[in-house]
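Take a brisk walk through the structure below. Start with charged side chains, then turn to a surface patch.

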Amino acid sequence: MNRFWVRVVWLVGLGTVLVGTLDPAMAPPSFFSGFDKVMHGGAFAALAAIVPFAATRTGSRSILFAGLLLVGAAIEVIQSFIPARSASFLDFSADALGVVLGALVGLWFYQRLAGYFSAGATGAGR
């Protein structure tokens with residue numbers, strides 16, 4: 001498997017999350033109370049689910065998962081300085097829950113598809 005494109009997708013996703021959470025003009029829609037928490041959790045779950053496919057080593061995955069937690073915390077700190085944005089521990093909690101759930105789902109899928117991806121990486125099985 002060519003991890004380059006998986007990494008590109010991950011970086012684009014991370015950039016999208018950063019712009020969406022830090023740009024004061026990007027107000028999240030509010031379909032129901034707490035919808036922003038769903039968006040936070042979903043965005044971080046998606047990023048975490050991609051990590052096993054983008055990182056080549058378990059140590060790299062752990063660093064990326066921890067890095068996503070730090071990004072979630074940093075977003076909340078930075079938002080406290082942006083007009084029209086506010087920091088929220090509940091937003092960070094949603095980010096952290098998203099990282100945990102996304103990591104579990106991503107690792108589960110990766111383990112089931114590991115044979116396919118390792119064969120694709122060597123060119124075997126095509």
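How exposed is lysine 37, by relative accessible area? Lysine 37 has 26%, so it is partly exposed (buried means under 20% relative accessible area, exposed over 50%, partly exposed in between; 1.4 Å probe, protein chains only). This is a predicted model: local features need pLDDT of at least 70, side-chain atom pairs count only at pLDDT 80 or more, and totals for chains, interfaces and linings use all residues. Residues are numbered from 1 along each chain as its sequence is written, and side-chain values use heavy atoms, without hydrogens and water.

Two salt bridges are counted (a side-chain nitrogen of Lys or Arg within 4 Å of a carboxyl oxygen of Asp or Glu). Aspartate 36 is partly exposed, at 23% relative accessible area.

Lysine 37 also bridges to aspartate 91, at 2.8 Å from N to O. Lysine 37 sits in helix H2 (residues 35-54) and aspartate 91 in helix H4, so this pair ties together parts 54 residues apart in sequence. Helices are DSSP runs (H or I, at least four residues), numbered from the N terminus. Aspartate 91 is buried, at 5% relative accessibility. Shared partners join Asp36, Lys37 and Asp91 into one network.

Helix H4 spans residues 89-122 and also holds tryptophan 108. That tryptophan 108 is partly exposed, at 43% relative accessibility.

How values were computed: Helices (H or I, at least four residues) and strands (E, at least two) are DSSP runs, numbered from the N terminus.
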